[in-house]
Amino acid sequence: MKMFEKNRIGIAIIGCGSISSYHVNALRLIPEANIVVCCDIIKSRAEMIAANNADVTIDYQEAISRSDVDLVMILTPNYLHREMALFAINMNKHVFVQKPFAVNSQECRDIIDAAKQNNVKLFASFMHRYFEESRWAKEYISAGKLGEIYMAHIRNSLPGSDYSTWQYDSSLCGQGGAIIDVGVHGIDLIRYILGDIAEVISASKGQKIKSRVICGETIFPDNEDWALAQYHLKNAAVVSHHISWTQKYHCNRYTMEIHGSNGSIYLRTGYGPLAVTSPGVSEKGSMTFPALDTVPFGYKQHREVIDAIIYDKEPESTGEDGLYTIKTVEQILQSARTVL
């Protein structure tokens, strides 16, 4: 196992767009995380993220090749993930990839195989599984307290990006639009809390918004902005999944409800972050709102990443998890009939 100087992990941030602030702010809460370089093709964005704490470059290969970089965080548009991940892996760096892991399952396998060959750690970023309410639900269900799981519904719904255009170009985003962008969060969360999907029973997809104005530019998307999918899980539960870029207001990352033989759990709904009606925590017929720990946004996810590297532990959210979500996206697209 590599010994790190004073247990400090040198980090290169590749891509300094909107999602980078989530990762950088969380990393700055972790003493062992040392952001040494920030890279973006727009230098001013890298400078904004780096502040006075890191070097800045517009050349990702220069950033990754540095001897003081142990971990590369790839936060770029989807179509660049494979290229950058393979370059970093071949430089024997650990690699963290923002969701979606890649634009198709073959690209995911390319990254995973290279990481295994070079014996580096590979992380897929699925923030929702680290939320306190998600973890509470997983523990409660895993302990059998909700009984047999009958059905669940999850909604991943956003207004769609109003700050960049690449998400609306299938050659850059990947096939499926909103499905590959936000749907992967729901697919991962279903698996994390409830277990593997056995099959996509049915799916529909389409495009409602034919043009968008982004930063004063009118664009014409060529990919889907909504989908409805239904899954059979391996435990026989049925799950419906609503995905869209069309919800204009009051979006909250995801909402989810889970129903079992011994009650129901509601996550991030109108009831709040967590609401439960189950004999394990509430009186018959009543709803209870279990207290959750207050943890800084993103801390647990990034703490897990840094600890996995320092202590040579298996990551919790891996490249295989990234591949699983993309394979499911491909199954949705194969199953789906297009509705205008």
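## Pocket, cores and salt bridges in a predicted model

The lining of the largest pocket has 24 nonpolar, 15 polar and six charged residues. Here Ala, Val, Leu, Ile, Met, Phe, Trp, Tyr, Cys and Pro count as nonpolar, Asp, Glu, Lys and Arg as charged, and the others, Gly among them, as polar. This is a predicted model: local features need pLDDT of at least 70, side-chain atom pairs count only at pLDDT 80 or more, and totals for chains, interfaces and linings use all residues. Residues are numbered from 1 along each chain as its sequence is written, and side-chain values use heavy atoms, with hydrogens and water left out.

**Largest pocket**

- The largest pocket holds about 1200 Å³ of space. That volume is the space filled by probe spheres set on the grid points, which are joined across faces, edges and corners.
- A pocket is an open set of points on a 1 Å grid over the protein atoms alone, where a 1.4 Å probe fits, with protein on both sides within 12 Å along at least five of seven lines; lining residues have an atom within 4 Å of a point.
- Of its 45 lining residues, Ser18, Ile19, Tyr163, Trp166 and Gln167 are the closest to the centre.
- Helices α1 (20-27), α4 (81-90) and α8 each supply at least two lining residues. Helix α8 gives the most, with three.
- Helices (H or I, at least four residues) and strands (E, at least two) are DSSP runs, numbered from the N terminus.

**Nonpolar cores**

- A nonpolar core is a set of buried Ala, Val, Leu, Ile, Met, Phe, Trp, Tyr and Cys residues joined through side-chain atoms within 4.5 Å. Buried means under 20% relative accessible area, exposed over 50%, and partly exposed in between (1.4 Å probe, protein chains only).
- The largest core has 81 residues. Ile193, Leu194, Tyr231, Met256, Ile258 and Ile265 have the most contacts inside it.
- Helix α8 (residues 178-194) provides the largest share of this core, eleven residues.
- A second, separate core has 24 residues, among them Ile30, Cys38, Val305 and Ile310.
- Contact means heavy atoms within 4.5 Å.

**Salt bridges**

- Side chains of opposite charge can pair when their charged atoms come close. The count here is 18 salt bridges, each a side-chain nitrogen of Lys or Arg within 4 Å of a carboxyl oxygen of Asp or Glu.
- Arg268 and Glu133 pair at 2.5 Å, N to O. Arg268 sits in strand β14 (residues 263-269) and Glu133 in helix α6 (residues 132-142), so the pair ties together parts 135 residues apart in sequence.
- Both partners are buried: Arg268 has a relative accessible area of 15%, and Glu133 is at 6%.
- Lys205 and Glu224 pair at 2.8 Å, N to O. Lys205 lies in strand β8 (residues 197-206) and Glu224 in the loop between β10 (217-219) and β11 (226-233), so this bridge joins parts 19 residues apart in sequence. Lys205 and Glu224 are buried.
- Asp196 and Arg191 also pair, at 2.8 Å, N to O. Asp196 is partly exposed at 27%, and Arg191 is partly exposed at 25%.
- A network of salt bridges links Arg129, Asp188, Arg191, Asp196, Lys234 and Asp321.

**Glu132**

- Glu132 is in helix α6. Glu132 counts as buried, at 15% relative accessibility.
- Beyond residues up to four places away in sequence, Glu132 touches Leu292, Asp293, Val295 and Lys300.
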